[in-house]
Amino acid sequence: MPRRTPAAPGEDHSSTAQAEARRALRDAVIVGGNRIPFARAGGTYADAGNKDMLTAALDGLVARFGLQGERLGEVVAGSVLKHSRDFNLTRECVLGSALSPTTPAYDLQQACATGLEAVVSVSNKIRLGQIESGVAGGTDTISDAPIAVSEGLRHAILKASQAKTLSARLKAFAAVRPGDLAPAAPRTDEPRTGLSMGEHQALTTARWGISREDQDAVALASHQNLAAAYEAGFFDDLVTPFRGLARDQNLRADTSAEKLGSLKPAFGTSLPTPATMTAGNSTPLTDGASVVLLASRDWADEHDLPVLARVVDAETAAVDYVHGHDGLLMAPAHAVPRLLARAGLSLDDLDFVEIHEAFASTVLTTLAAWEDDEYCRTELGLDGALGSVDRSRLNVVGSSLAAGHPFAATGGRIVATAAKLVAARAAETGQVSRALVSVCAAGGLGVAALIESVPGDTTTTDATADGGRR
Amino acid sequence: MSDGYISLVNGGLGAKVAKTLGLPRPSVLRRFTEGAPLTAGPVLVLGATTGTGEDSDILAQLLMSTGFAAADLEVHRTVVGTEHVPWGAVVLVLTEVTHPDDLSAPALDLASTLRSLAPGGRVVTVSRTATADDAPAVAAARQGVEGLLRSVAKELRGGATANGVVLTDDVDLAAPSVGAALRFLLSAKSAYVDGQTLTVGSAAGSAVDWSSPLDGRVAVVTGAARGIGAAIAETLARDGARVVVVDVPAAGESLAAVANRIKGTALQLDITAPDAGERIIEHAVSRHGSIDIVVHNAGITRDKLLANMTPEKWDAVLAVNLAAQLRIDDALMRSEHFTDAPRIVSLASTSGIAGNRGQTNYATSKAGVIGMVRSTGRLMAKVDGTANAVAPGFIETEMTARMPFATREVARRLSSVQQGGLPIDVAEAVAFLAGPAAGGINGTTLRVCGQNMVGA
């Protein structure tokens with residue numbers, strides 16, 4: 001009997017009713033995905049904005065699945081670093097794509113979990129029967145990040161724009177001081193602590209005593225797994241090149257433990273403990289976009305599209321990293337046990353575990369937390385340790401460290417990958433195959449989702465052996 | 001990519017200068033546009049005065065039949081009166097010749113019409129194949145037709161071309177592919193086909209709606225991300241086919257653009273993968289319900305003089321241009337899905353016919369393609385299928401744009417139409433051979449080279 005301990009005891013009484021309600025819903029299936037290769041900040045996509053990248057990701061998806069002129073139920077995507085002119089970004093991208101202009105769209109934002117939250121939103125609408133098909137995705141660019149002006153200059157501009165006379169306009173600008181002319185560069189620091197994400201994670205890393213060697217090993221595996229997957233053609237139907245880039249720019253197929261070990265620490269250098277986090281075992285800032293095509297089974301069948309997997313369930317968690325004692329990126333440690341409990345599953349029931357590598361140590365602290373009896377009891381409200389993750393199931397085709405991490409685009413990348421992995425495993429074994437997707441996010445947020453292969457549904461030609469031409 | 005010389009010599013001062021200096025004056029070729037008439041003017045059907053003369057009547061009837069062309073095609077049997085000139089086309093029916101003497105009258109009849117052939121006009125001969133089984137005089141007369149049409153092709157100007165339809169002895173004039181071949185050669189779709197013969201070897205093939213000849217067919221085009229492959233995909237889609245475009249993953253961006261333009265699906269795939277054939281079939285059948293046409297367009301060049309050839313360069317070219325096609329064809333012919341009068345069209349090259357300095361590997365692979373379709377065609381006939389090749393000559397693409405200037409200029413002007421062809425010209429030939437009506441044309445290679453001097 002797997003452990004199932006809801007985090008909040010007050011919700012206990014309703015769990016059976018909830019489970020039944022979920023069963024009554026129809027499936028939201030994952031048809032496939034598409035992304036553009038992820039580029040290093042200031043690299044190949046330096047001149048491409050979010051709109052260009054998300055439109056390219058959409059157009060690649062349309063081409064892969066023959067959706068030209070198709071009206072989809074909804075397209076949901078977003079970006080973390082967004083220009084104010086991109087207020088209706090996703091809808092604009094739909095209009096610029098080969099999809100029907102009658103496809104509705106909206107923007108969503110939940111920091112690094114944006115893409116995964118979009119998948120949850122679209123699949124929930126499909127499960128409820130509100131839409132038959134949808135695209136979830138995300139895009140982010142560091143290279144083309146919006147730059148805000150100083151508060152002083154901003155006030156002056158606003159005042160001047162409201163001024164009726166030239167002298168009033170000039171007067172408004174007279175208040176501007178030289179210091180106000182420096183732009184406010186985009187920051188990923190946490191507004192409440194002023195610490196960067198890396199510095200936050202450095203605190204967590206130190207607290208859990210995660211070694212440099214272990215972090216470098218995670219990073220090395222990420223590069224090796226991603227390179228091997230590209231070589232094997234795994235990404236042939238997941239990635240469409242963009243602006244001449246055909247593979248993730250951050251991928252270092254030839255990296256080694258020695259090379260990673262030679263890098264200088266980048267975060268936690270002012271802490272009393274040894275600094276272990278380097279540019280090699282931390283995710284680089286990246287540009288890119290990804291999308292996932294979701295649908296009801298009927299819609300997929302009617303359109304002769306493959307069904308890779310279904311979105312079973314999802315759980316979001318948040319930690320009080322400001323006043324509490326959990327690290328900024330530890331929310332997935334809370335979300336996953338709640339998600340598994342609801343599904344009646346343990347970590348051992350998962351064939352694939354896809355944990356977003358914000359930093360190698362994020363993955364390692366999360367794994368350590370689940371193995372820690374006391375933490376699981378006191379912080380997660382479990383009976384004891386959640387268990388350990390079989391490393392051979394972890395990020396098997398590479399993850400953020402090697403691929404890069406354009407914030408909102410990461411969820412789509414992982415979900416499409418996970419769906420393909422479980423479909424292939426199920427086809428091979430004939431058994432149901434499951435993948436856990438876990439993404440941490442700024443603000444102490446974390447989103448986890450469960451992806452499962454769909455029994456009896458294959459994408460082989462046998463499915464259409466009746467020869468009917470449609 | 002653009003041939004500025006053509007526009008230069010086709011207007012104003014440029015035309016005058018070119019004429020005075022005796023420079024080649026290539027014409028702007030007549031190309032297919034929706035709704036345009038089949039020919040540039042009325043069609044004159046001339047026949048041999050020997051035999052029963054029935055064949056020319058049958059051909060004239062065929063041209064006037066509703067299934068053949070737009071209802072308003074004007075067909076004449078004599079040159080009496082000149083109110084009909086300029087002629088859009090002259091069809092010379094020589095199927096009944098039994099002696100070289102029989103060629104004299106029709107050849108001279110044709111001669112009298114050449115000066116009144118419209119720009120973009122057509123001369124098409126219809127004759128029988130000369131084989132060793134024929135009496136010497138019959139074989140001589142039949143073979144003579146080839147010399148006649150090839151020389152006429154070289155004399156024609158103004159974008160006019162001369163080609164031949166050749167029937168084997170057992171094929172009736174009413175066979176679907178005879179009309180289809182004649183239609184193709186008369187039309188603007190054969191703009192860059194010149195001095196060539198199309199051999200109809202069987203009565204296979206079925207009539208089609210010419211406004212949408214590939215309606216309901218599912219086609220796969222490899223190497224479709226750009227150039228000739230993209231033009232083929234667009235042309236097959238124009239003709240009504242659902243098209244799967246295939247190219248290597250690295251070319252995925254332009255591949256997706258092609259797919260979205262033609263409402264097809266993109267399949268990123270390296271065709272040298274061992275399971276490429278199976279993956280192509282799986283994609284086409286699961287997404288579109290069938291697979292009926294496969295166009296092997298993907299190809300690479302790794303040019304080097306043989307003396308400097310490396311194993312990598314040799315092997316890569318043979319692997320992509322030939323071995324991959326063989327493996328995919330094997331999978332197709334094993335598949336139960338590739339049985340509804342399927343079509344294979346491979347891209348050969350005039351380099352594979354004439355050879356080309358520095359292209360031993362490429363020419364070997366392309367000559368191999370010519371041999372391959374001959375044999376594959378025989379195997380395909382069992383399921384009413386065909387395998388044919390199209391051999392492009394100098395086509396204006398990104399590849400030829402990279403040639404040195406002088407070499408490129410010479411290559412362009414060496415053909416009878418004094419210019420390079422466009423990707424669409426190759427695509428039209430592929431679409432013709434991929435159509436249901438071309439079932440009687442099997443195992444052959446059609447050159448689309450403007451009768452280039454190199455390549456025989």
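1. Ground rules. The model is predicted: local features need pLDDT of at least 70, side-chain atom pairs count only at pLDDT 80 or more, and totals for chains, interfaces and linings use all residues. Residues are numbered from 1 along each chain as its sequence is written, chains are lettered from A and ligands numbered from 1 in the order in which they are written, and side-chain values use heavy atoms, with hydrogens and water left out.

2. A sheet of 6 strands in chain B. This open sheet runs β2-β1-β3-β4-β5-β6, with parallel pairing. Helices (H or I, at least four residues) and strands (E, at least two) are DSSP runs, numbered from the N terminus. Two strands pair if DSSP finds at least two bridges between them. The edge strands of chain B are β2 (75–76) and β6 (197–200), and each pairs on one side only.

3. In chain B, β1 (residues 43–47) and β3 (residues 87–93) are parallel partners over 5 bridges. B:Val45 has B:Val91 in β3(B) as its bridge partner. Helix α4 (residues 104–114) of chain B packs on the sheet and touches β1, β3 and β4 (117–128) of chain B. Contact means heavy atoms within 4.5 Å. The direction of α4 makes about 175 degrees with that of β3(B). Axes are lines fitted to C-alpha atoms, for helices over the stretch in contact, and angles run from 0 to 180 degrees between N-to-C directions.

4. A sheet of 7 strands in chain B. The order of this open sheet is β9-β8-β7-β10-β11-β12-β13, again with parallel pairing. β9 (265–268) and β13 (445–448) of chain B have a single partner strand each, so one side of each is left without a neighbour in the sheet. The twist averages 20 degrees from one strand to the next. In chain B, β10 (residues 293–296) and β11 (residues 343–347) pair over 4 bridges in the parallel sense. B:Val294 stands opposite B:Ile344 in β11(B).

5. The interface. 29 residues of chain A contact 26 residues of chain B. The two chains bury about 2000 Å² between them, 45% of it on carbon and sulfur atoms. Buried area is the accessible area (1.4 Å probe) that two parts lose on being put together, summed over both. The count between chain A and chain B is 1 salt bridge. A salt bridge is a side-chain nitrogen of Lys or Arg within 4 Å of a carboxyl oxygen of Asp or Glu. The side chains of B:Arg279 and A:Asp236 meet in a salt bridge at 3.8 Å, N to O.

6. A:Arg310 lies in β9 (residues 309–318) of chain A and A:Asp27 in the loop between α1 (15–24) and β1 (29–35) of chain A, so the pair ties together parts 283 residues apart in sequence.
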